[in-house]
Amino acid sequence: MAKRKSFYRYRLLLMALPFMVLILLFNYMPVFGWIYSLYDYIPGIALKDCDFVGLKYFRMLFTDVNTFRVIKNTLIFAGISIILTPLPMLFAILLNEIKLRPVQKIIQIFSTIPNFISWIIVYSLAFSLFSHDGLVNAVLQVFGVNVDAGNTYNIMGDSNAVYWFQSFLQLWKTLGWNAIIYLAAITGIDQELYNAAKVDGAGYFKCALHITFPALSETYFVLLMLNIGNLLNTGFEQYFLFKNPQTASNIEVLDLYVYRIGLESQDYSYGVAIGIMKFAISVLLLTLANKAAKRIRGEYII
Amino acid sequence: MYTKKEKPSRRIFQIFNYILLIGFTLICVYPFWTMIIYTVSDPSVADIKAPILFPKGFTLNNYKEILVLNGFFHSLLISILRTVLGTFVTVFASAIMGYLFTKEEMPCRKVLYRAVVLTMYINGGLIPTFILIRSYGLLNNFWVYILPMTVSGYYIILIKTFVEQLPKELEEAAVIDGAGYFKVFTSVIIPLSKPIIATIAVFAAVSHWNSWFDNYIYTSKNEGIQTLQYLLYQYLNQAQQMADQVKNSHGTISSAAASISTKGVRMTITVLAFLPIFIVYPFMQRFFTKGIMLGAVKC
């Protein structure tokens, strides 16, 4: 029996095999593709027949005038999204104060729904709202602003507005959804604490300040730290869609630059090198977050 | 919970709070509403002045035109096929892997599980992935929608955590009755894991329905497997280019007219692409919410 059992357990491996192969093919093999950055890779020619160029493409990163601009854009978007991280917590606290259950439910459903709509649709909505013949300009005309048709304003083509406008779209899409986790955390707070505080004479705002906020800040920091490693990966589809000739120089983040160099200009090797640099910056941010977590909360996140 | 006498400051806060949150909710919903009312309005009126609150006139002509539009019906079918098949494959893969990783007698269990979890943090990047997909012969192939998205570390963790907390007795009873691993999986684990499976299914379905970038970079040359989202992308791209042209040429009549005629098409496809999610979401919301909760517990 025991012998049969020990042989039989290899069936478990057999059942997992097809899926492990998929992981190898689609998740781990691409990492080996980093080697392209050391060669002058030309599509269609085997890698061993391509010229080995060593660190040429990594040195190029430091002389490329675009590198600094693209990293700057990436960090600005990342910085704004970090600044906005307390908003879902605030939203949850406010939503919890809506005591009419049906209203609360409806707000919750409709504020979370944009999170599940594709960026193409968001782009389509933005296009029909903000473009020159869009609804916003039409409404402005109703109120007598921009009566002259040649004077319409399209925020999507305003390069100065890119950073905050794109961040606003992101916030619009994710705020309600990101609040849900805090909403759950609030319901998990012991009601006794509030009752005790009230006996001690604390008003509503004192309760929020001394009970709700500290209880949520734990969740807040955990989520913040977890998100930092992923910060540079977000927004690719969004920026890709909203990029246009007017905004290109400000909206181009590292991912978009990789796409432009690698797939549009077919300069695969340099594209891979930029991708590796992005990975290095991500790791750096994660390490910093980890150190910060250790100092603030006394434990590492990873 | 209500105290009989509320302080005035509290009342003011409450009123302000309702206005703020209902206002935000309206901002979330309003853009979708403007699309819907535009597509059912009488085009001859709507094109001159877009409806702001309610449709102007009522006609389903836009929808009738879309149904006969070249390529629309086919992309809709591809999107549905992709969503159904992709969801099924992802759910099956996540469920079976999650279950297998709960079996302590599995050889190399820890190493394999780590390899799966690590996929959430490791990413070769756009270019190496593209080169590989091409070398696998998956360019312009329907399976490029399904295969790379089949195994997801996150879903597997969710299933594994769920299965671990199921009572062991049922599984043992099935084993005594002579059931093998796969039989236990299909007749015991799957029925018991329905809540978490439903949660993963809704997430997988939404991400398949919404995908377009894989269509854009891998399969743009094969019109036979074009998805609805990508079709919409093409119309938007066209509209953007026309808008640029109109702007540069200070509005020659012909291109302006062209941009208007595609506007109805564009908007109608948009509505048809978000409508399924709007219809399904309110009923499925608890499954979505459960997903994020379980993820949080894992953290």
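In this predicted model, Phe143(A) counts as exposed because its relative accessibility is 66%, and the cut-off for that class is over 50%. The residue is located in the loop of chain A that runs between α8 (135-142) and α9 (162-187).

Phe143(A) also belongs to a nonpolar patch on the surface, to which both chains contribute. From chain A the patch includes Val142(A) as well as Phe143(A), while chain B provides Trp33(B), Ile52(B), Leu53(B) and Phe54(B). Together these residues present about 660 Å² of accessible area.

The size of an interface is often given as the accessible area lost when the parts come together. For chain A and chain B, the buried area is about 8400 Å², of which 78% lies on carbon and sulfur atoms. Within the area that chain A buries against chain B, Leu12(A), Phe26(A) and Phe116(A) account for 9%, more than any other three residues. In terms of residues, 84 from chain A and 94 from chain B take part in the contact.

Arg10(B) forms a salt bridge with Glu97(A), and their closest N and O atoms are 2.8 Å apart. As for secondary structure, helix α2 (residues 10-32) of chain A gives the most to the side of chain A that touches chain B, contributing 17 residues.

Notes: Residues numbered from 1 in each chain as written. Chains lettered and ligands numbered in written order. Predicted model: local features only at pLDDT ≥ 70, side-chain atom pairs only at ≥ 80, totals over all residues. Heavy atoms only, no water. Patch = residues over 30% accessible without salt bridge, like charges linked within 9 Å, V, L, I, M, F, W, Y side chains within 5 Å. Areas by Shrake-Rupley, 256 points an atom, 1.4 Å probe, with all protein chains shown as cover. Salt bridge = Lys/Arg side-chain N within 4 Å of Asp/Glu carboxyl O. Helix = DSSP H or I, 4+ residues; strand = E, 2+ residues; numbered from the N terminus. Buried < 20%, exposed > 50% of the residue type's maximum accessible area, 1.4 Å probe, protein only. Contact = heavy atoms within 4.5 Å. Buried area = accessible area lost by both parts, 1.4 Å probe.
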